[in-house]
Amino acid sequence: MTSEQLTAARVEAAAEVLADIVHTTPLEPSPRLSQLIGAPVLLKRENRQIARSYKVRGAYHAIQALDAGERARGVVCASAGNHAQGVAWSCARLGIKGRIYVPSNTPRQKRQRILALGGPDVELVVTGSTYDEAGHAARQHADEAGAVFIHPFDAPATILGQGSVAVEVMTQAREAGLRVNTVVVPLGGGGLVSGMATWLKERYPGVRVVGVEPAGAASMTAALAAGGPVRLPTVDTFVDGAAVGTVGSLTYQVVRDLVDEVVTVAEGATCTEMLELYQVDGIITEPAGALASTYALSLAGTVPADEAVVCVVSGGNNDVSRYAEIVERSLLHEGLRHYFMVTFPQEPGALRYFLEEVLSEGEDIVLFEYVKKNNRETGPALVGIELDQANRITGLLKRMEASPMQIEQVPPGSPLFTFFL
């Protein structure tokens, strides 16, 4: 496969195929982000798409193009969840049998939706701990059973279908009388940003295209540095919709040649933006859906006030049970929550001393758990403290250092974080 197979005209043809199939999702202004950035910010609400993700565009476009023989053999795919839902919905609509592989970190909400959308036409298989492991199993099944593999990002038909998002964006912006300066796109395997950049750079070459990866799964950043796709040694699967260990060979070519910049954002920052989208804007996103607007905050003061920034909200399939972790990661990132190992003397008044002499106003204990009592004189405890202002940590650390207690801060990334994340 080469990027020469991808053209703006083919993206437009895909958009025509999808016109009566998928939703034309809203392009909505974000007053919050617009004020923070100093320029109009528009959110492309693909979280309101069929199956609550843009992935249905590429899945349907690829599956509807199969000939009769290929349809009879059925399809197979691997996905972190959203592509799987798009394939499941497409199989049910087109009457084609599908077998779908997802990794074990796929949220329960996504698994349930896959089965609901696909009905009797779809079989769900949970295997491996990452998308790449599920993808290997899916490929093996395709080879053995003769089923057609529907790639979630590294196939021309899929990329062309995803590119239809760009056609909608620019049509809607033009109708609103807005000039687009920058389009910010979440980046996992690279299918969405490749499709959008293919169309934008041919039809609107002045528009800047930025791809945003989670810092813990920055596979495109690694590929650009290495001169080709490479496998990440480890992948943080929290941003499950963009947790890809190796980008595609085709998407790598497109991103290298057409995307202006690829950046990373911390998972904690993405969690903070998810909460802002929910609490201020009333928008439910999954972690990958908040990548673009997380990065957009860094554009403050860099975009002309009369030009717009478009952020693609790529998906809204978030399991409500994950919000406790989302809040935790956000607080850690914002410097509002810290954890310490505190060795308390086993004597009357030790805890009171800690509360009255070490802690101060605006510093609350949110976790207190004795780890073990290793002798009669001391007892170590894991203590979580939440601050009402991040800058209070300086005073807290000074009081801890001056106290007679042995206190050690637990750094982010420590194995101890598995107790509360």
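Residues are numbered from 1 along each chain as its sequence is written, and side-chain values use heavy atoms, with hydrogens and water left out. Because the model is predicted, local features need pLDDT of at least 70 and side-chain atom pairs count only at pLDDT 80 or more, whereas totals for chains, interfaces and linings use all residues.

Six strands form an open sheet of mixed pairing, in the order β1-β2-β10-β7-β8-β9; strands here are DSSP runs of E with at least two residues, helices are runs of H or I with at least four, and both are numbered from the N terminus, while two strands pair if DSSP finds at least two bridges between them. The edges of this sheet are held by β1 (27–29) and β9 (261–265), each of which has a single partner strand, so one side of each is left without a neighbour in the sheet. From one strand to the next the twist averages 30°, where axes are lines fitted to C-alpha atoms, for helices over the stretch in contact, and angles run from 0 to 180 degrees between N-to-C directions. Strands β1 and β2 pair in the antiparallel sense over three bridges, and Pro-29 has Leu-42 in β2 as its bridge partner. Helix α8 lies across β1, β2, β7 (179–186) and β10 (307–313), and runs at about 135° to β2.

A further open sheet has four strands in parallel pairing, with the order β5-β4-β3-β6. Here β5 (122–126) and β6 (148–149) stand at the edges with a single partner strand each, so one side of each has no neighbour in the sheet. Strands β3 (residues 75–78) and β4 (residues 98–102) are paired in the parallel sense over four bridges, with Ala-78 opposite Tyr-101 in β4. Helix α5 packs on this sheet and touches β3, β4 and β5 (contact being heavy atoms within 4.5 Å), its direction making about 165° with that of β3. Helix α7 (residues 131–145) also packs on the sheet, where it touches β3, β4 and β6, and its direction makes about 165° with that of β3.

A search of the whole structure finds one cavity of 30 Å³ or more. On a 1 Å grid over the protein atoms alone, a cavity is a set of points where a 1.4 Å probe fits but cannot get out, a pocket is an open set with protein on both sides within 12 Å along at least five of seven lines, and lining residues have an atom within 4 Å of a point. Grid points are joined across faces, edges and corners, and a volume is the space filled by probe spheres set on the points. The largest cavity has a volume of about 270 Å³, and of its 27 lining residues the closest to the centre are Tyr-54, Lys-55, Gly-189, Gly-241 and Ala-242. Helix α9 gives the most to this lining, with three residues. The second largest pocket has a volume of about 200 Å³ and is lined by 14 residues, among them Phe-149 and Ile-150.

Most residues other than glycine have a negative phi. Phi of Ala-51, however, is positive, near 65°, and Arg-52 has a positive phi of about 60°. Ala-51 is buried (under 20% relative accessible area, with exposed over 50%, partly exposed in between, 1.4 Å probe, protein chains only), at 10%, whereas Arg-52 is partly exposed at 31%.
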